[in-house]
Amino acid sequence: MNTIDIFQKLSDNDFAEDKQLAKSLRKEVLLPSLEKSNKVEINFDKVSIATQSFIHALIAETLQIHGEKALDYIVFANCNNTVKGMIETVVQYTLEASDPENSHDTNAKSSPVSPLLST
Amino acid sequence: MELYFPNSASLQNIEGFLRKYSSHQNSFLKISGHNKFIHLHPFALSMAACLAKTVGKSGGKIKGAIPNVPSLPYLIRMNLFKYLEKKPPININQNEATGRFIPVTQVCSQKDVNNIITETAPLLHATSEVQKSIMYVLSELLRNSFEHSQSKVGAFFCAQYFSKTKRIAIGIADSGVGIAKTISKSHRISSETEALQLALKPGISGATSKIGGNSDNAGAGLFFIRSIAKRTENYFAIYSGKTLFKMLKKQENSESLFADPLHEKHTVVTDLPLWEGTVIGIDINADGKQNFSGLLKKIRTHYKTGVKEGKKSYYKNRGRIQFK
């Protein structure tokens, strides 16, 4: 299992708000791991607060591509209630928005087929 | 261009300050002020600093002066003279105990945002709960500015703690493309008011036409910020182009949050002098009574509901998320 330690990535503080950081973690660790059907643990130990924008930039695309199946491969560790609540919110609205029945984006490109669907 | 500093420019009466601003003739900025007393909300201070830097960057001059009023030391400490590039008419003792504030700070790049927020927020000497809300607000607003505004001078922000009312006032300004241009990239709009309305709705971003955002943008930031103001019964104001939207302090029910900002008690002014960019002001409580985590939880609930308002079906996924 790959592990992302969020606090270690932050610049000496416990506030996860850097969307650029979240985006790079998503692209460099989370998405490649799921492409190979490898589990990922995202460790929020010592993180006191995360903005919704941070959580969205970290995990939304993963859910948009792989759908609910992605949740079988991601473990959120050591989250306080605030961070946990943000994650739950982002997961719910992202999966809702990804539901083809709910799509209002006429310009949306079709998503690539998730390799996780075959595992 | 002209900017007049009145005896009072709070969010409550910010229209008066904006009406005295003139955007004509951008080769210079002429400043003047009330001759007895000047009080400026961080909204006005950030806007003034941003305007001065924008004019200076294009080779314009700053003319005029701020009168020697009793509040001059405050204006000096808030870095107003620094960004006007004017020598203050008086000297002050910088080491004197002065109160809790973050002076006007220019943020030039997105990579500086995290360091600047975590370094400056403690200057307000707030409780940890209040500090979280300050940092949250600054992060969302500054990140928004860098992602969408294309401002050539970056973003300017400042904050002030008012002990009498136990609130913290925050202002942020940029001189970029403005809300209407950003939102219209992905959504059809017929007016600046409609652009502001969409920008303040949950799940709407100029980066995508999809409700709920794309891989990088949730379209949540401004909704969260105005919700923080509403839930704590404070003002929120956003000015872009010629339009100001101001959510009023007194609402019929501060517990409810409307996805459509026009359903809150508000004023909209559409004939103001042109501001090329965006200025935002918000007041938040600093009495320590509000638990920030609890506040976010309530806002999140309304955010989810607000995004769902555009949807046809509800997707349940409880129990599927792995926590350990």
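## Salt bridges between the chains

A salt bridge is a side-chain nitrogen of Lys or Arg within 4 Å of a carboxyl oxygen of Asp or Glu. In this predicted model, 6 salt bridges are counted between chain A and chain B. One of them links Lys23(A) with Asp216(B), whose closest N and O atoms are 3.4 Å apart.

## Basis of the values

The model is predicted: local features need pLDDT of at least 70, side-chain atom pairs count only at pLDDT 80 or more, and totals for chains, interfaces and linings use all residues. Residues are numbered from 1 along each chain as its sequence is written, and side-chain values use heavy atoms, without hydrogens and water.

## Architecture of chain A

Chain A contains 4 helices and 5 strands, taken as DSSP runs (helices H or I, at least four residues; strands E, at least two) numbered from the N terminus. Their order from the N terminus is β-α-β-α-β-β-α-β-α. Of the 119 residues in chain A, 57% are buried, meaning under 20% relative accessible area with a 1.4 Å probe, protein chains only.

S1(A) and S3(A) are joined by 4 bridges, and Thr3(A) has Glu41(A) as its bridge partner.

## The interface

The contact (heavy atoms within 4.5 Å) involves 51 residues of chain A and 45 residues of chain B. About 4400 Å² is buried between the two chains, that is, accessible area (1.4 Å probe) lost on being put together, summed over both.

Notes. Chains are lettered from A and ligands numbered from 1 in the order in which they are written. Buried means under 20% relative accessible area, exposed over 50%, partly exposed in between (1.4 Å probe, protein chains only). Two strands pair if DSSP finds at least two bridges between them.
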